[in-house]
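Reader: I would like to learn how to read a protein model, feature by feature. Please show it to me first.

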Amino acid sequence: MAYLGPRLGHSRGFSPLVSAVRLLGMDGMGSAASRSPLERLDFDNVVLKKLPVDPSEEPGVRQVRGACFSRVKPQPLTNPRFVAVSGDALALLGLRAEQVQSDPLAPGYLSGSRVMPGSEPAAHCYCGHQFGQFAGQLGDGAACYLGEVRAPPGQDPEMLRENPSGRWEIQVKGAGLTPYSRQADGRKVLRSSIREFLCSEAMFFLGVPTTRAGSVVTSDSRVVRDVFYSGHPRHERCSVVLRIAPTFLRFGSFEIFKPADEFTGRQGPSYGHEEIRGQMLDYVIETFYPEIQQNHGDRVERNVAFFREVVRRTARMVAQWQCVGFCHGVLNTDNMSILGLTLDYGPFGFMDRFDPNFICNASDNSGRYSYQAQPAVCRWNLVKLAEALAPELPPDRAGAVMDEYLDAFNSFYLENMRKKLGLLKREEPEDGMLITELLQTMHDTGADFTNTFRCLSGIPCPGEGEAEEEVVRTAVDLLLEQCSSLEELKDANKPTMDPRELAMLLSMAQSNPALFQMISDRATIARQLERLGRLKELMESSQEQLRSKQEEEWTRWVRRYRKRLALELEGQSDEQAVEAERARVMDSTNPRVVLRNYIAQNAIEAAEKGDFSEVQRVLKVLEKPFSSQPGLELPAWVHGGGAAAQAEREEEEQQDESPSASRDPVPYDSKPPSWAREICVT
């Protein structure tokens, strides 16, 4: 489709801001500017040529009709500077980390404070179902598309297989107001920016499909935020994340055509512009699913094949989440990638103690997006995508594809879990039950999710002449180290609802079911009652009784696991080789380190005091999550950093009344410290 919107500046991708920089260059800045590697990026902004661009450049929030993108002008930051960069992510653009970090113009370019030649800043219009309700127009309220950079020559063929377009879309998140900012200011702060940066990279190195993050920039610009919505706002530094992906199009991109919703009354801003849906579908399939485009001459069959592949990728993604204990927190349709990538890192969390009802988002009162709900919610979101694609995707054909989702998810999940348990040589019908019993035992004993799986490679297959009881005893002792104490379990099982509110809702469920359904649901009440029942049992127990019960449960499971491991050796001539391969696969599947909330929090608190070394250190640790890294076991502040730095830190801690000042150091691969339970992410 022809280009529809006016261009910023005097020529393609050339903004007034860049013009000003180049004029200044005549007084001595020109040589520095010409050396910036970011000015040599090869932009080819295809999506702005293929999809409609809003012809209006009117500032301020507005409904954007008949367009997929709006031109925007990122708002410059005062004194932008790097917090951290990911060399691996920047390499996708043909950039070297040291090259970027030494470039004085780079923090400005990668925060949107300067506009690179060839960049065409824009914000994407999309809608979404949020917590099950259609919210109408949403869009990039803080993110800003900068353009699409051609992949450098010689890029890894495997990477290009995942991104057949040969271009990488780059965004800055936190660069200021757009037409979609609603009541917000389009800014992000250090807390959220560091979390998104670190988790984007952590997920990639865990092998989970994800968008990438190239850098975090902070500044002297400030905004006011009420962190806990408690009436105690404070000024925080404006910060920006550079995000990288083949595309940031999402399920909600196709919901802009939705007619008025029967429950909320809201409709998509481009309702009635049916031709744009076809354009967007053509663009996505031709660009990111070229094999499907080439293999299907019939349009309907092509669209069905595309939807089937999105279903498959989404099932694979959420199966991988479940296997690393990741909880997204805000699985709205506007946060679901059309490529099956993990997208938009907000109040996410990696599970510590295994709990199927784990909720990482403190705002999710109903548990809609809990850990165990994620596979079903992703299916629900796919149904909404199918509705948004109609009539291009006939509903009956979409329904038949959706029937394949559960089998696809279970297949991916079992495949991953078998690797985590080292079940490599054969697939047995009992494997599913063995996995279920493992998770149940972890839940009952309050075992740490990540560390328990990591321990399993230390449990050997049965062998001739071994002392069975001694081997089991050693394995159980190892697993017991990952279990919760009585006090930890009591704390974990306290109801999150006030007892008076719970009593009122129970009464209402009996006396006025209709009103009850309007303000609560039976699943929420059932969870609260389950917690109460468990807490009562714990209150009547002692630490010794609890430990004896934990030991009994783990002994039972370890015996069953070793019985299953014995089948791995049947028909194998070299049992040592089998054991070695099993340990290798398990230790490259079960991470030593994930981005636990307390690890991120330590890095954030250091960065808020001007020390970015912990963010950079955590990134190094997360880049090799399956390996032991000598010298990187503990946070940077534990190792001092020189007498002057240590003296300055001690002086700060004497003045600091926050809990972080007196925290004991905890290795990155350990169970979380007790203070981690106080971290609240919304």
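**Reading the model**

Author: Let us begin with paired strands. In this predicted model, Ala 84 stands opposite Val 216, a residue of strand β10.

Reader: In which sense do strand β3 and β10 pair, and over how many bridges?

Author: Strands count as paired when DSSP finds at least two bridges between them. Strand β3, residues 81–85, meets β10 in the antiparallel sense, with four bridges.

Reader: How many residues of strand β10 are buried?

Author: A residue is called buried when its relative accessible area is under 20%. Strand β10 spans residues 212–225, and eleven of its 14 residues are buried, so the strand is mostly covered.

Reader: Where is Leu 77 found, and what does it touch?

Author: Leu 77 is in the loop between β2 and β3. Leaving aside residues up to four places away in sequence, Leu 77 touches Ser 111, Ser 113, Arg 187, Ser 219, Ser 221, Cys 238 and Val 240. Leu 77 counts as buried because its relative accessibility is 8%. For a sense of scale, the C-alpha atoms of Leu 77 and Met 497 are 42 Å apart, and the two residues are separated by 420 residues along the chain.

Reader: What kind of hairpin do β5 and β6 form?

Author: Strands β5 (residues 127–130) and β6 (residues 133–137) pair in the antiparallel sense over three bridges. Gln 130 stands opposite Gln 133 of β6. Two residues lie between the strands of the hairpin, and Phe 131 is in the turn.

Reader: Which peptide bond is cis?

Author: The peptide bond from Ala 390 to Pro 391 is cis, with omega near 5°. Pro 391 has its place in the loop between α12 and α13.

Reader: How many salt bridges are there?

Author: The idea is a side-chain nitrogen of Lys or Arg within 4 Å of a carboxyl oxygen of Asp or Glu. By this rule there are 55 salt bridges. One of them joins the side chains of Arg 150 and Asp 42, at 2.9 Å from N to O. Arg 150 is in strand β7 and Asp 42 in the loop between α2 and α3, so the pair ties together parts 108 residues apart in sequence.

Reader: Are the partners Glu 236 and Arg 191 buried or partly exposed?

Author: Their side chains meet in a salt bridge of 2.8 Å, N to O. Glu 236 lies in strand β11 and Arg 191 in helix α8, so this pair ties together parts 45 residues apart in sequence. Glu 236 counts as buried at 4% relative accessibility, while Arg 191 is partly exposed at 22%.

Reader: What about Asp 448 and Arg 596?

Author: These two form a salt bridge, with the closest N and O atoms 2.9 Å apart. Asp 448 is in the loop between α15 and α16, and Arg 596 is in the loop between α23 and α24; the pair links distant parts of the chain, 148 residues apart. Both Asp 448 and Arg 596 are buried. Salt bridges can also link up: Lys 173, Glu 196, Arg 243, Arg 250 and Asp 344 are in one network.

Reader: Why is helix α25 called largely enclosed?

Author: Seven of the ten residues of α25 (613–622) are buried, so the helix is largely enclosed by the rest of the structure. Among the buried residues are Val 615, Arg 617 and Leu 622. Their cover includes β3, α8 and α24.

Reader: Which residues form a nonpolar patch on the surface?

Author: Leu 506, Leu 529 and Leu 532 do, with about 220 Å² of accessible area together. Leu 529 is found in helix α21, and is partly exposed at 39% relative accessible area.

Reader: What does UniProt list for residues 525–552?

Author: The unreviewed UniProt entry lists "coiled-coil region" there. In the model, residues 525–552 are 89% helix and 0% strand, and the end C-alpha atoms are 31 Å apart.

Technical notes. Residues are numbered from 1 along each chain as its sequence is written. This is a predicted model: local features need pLDDT of at least 70, side-chain atom pairs count only at pLDDT 80 or more; totals for chains, interfaces and linings use all residues. Side-chain values use heavy atoms; hydrogens and water are left out. Buried means under 20% relative accessible area, exposed over 50%, partly exposed in between (1.4 Å probe, protein chains only). Patches are made of residues with over 30% relative accessible area and no salt bridge: like charges are joined within 9 Å, nonpolar side chains (Val, Leu, Ile, Met, Phe, Trp, Tyr) within 5 Å. Accessible areas come from the Shrake-Rupley method with a 1.4 Å probe; for residues, only the protein chains shown count as cover. Contact means heavy atoms within 4.5 Å. UniProt positions are given in the numbering used here, feature names are shortened, and annotations may be inferred rather than shown by experiment.
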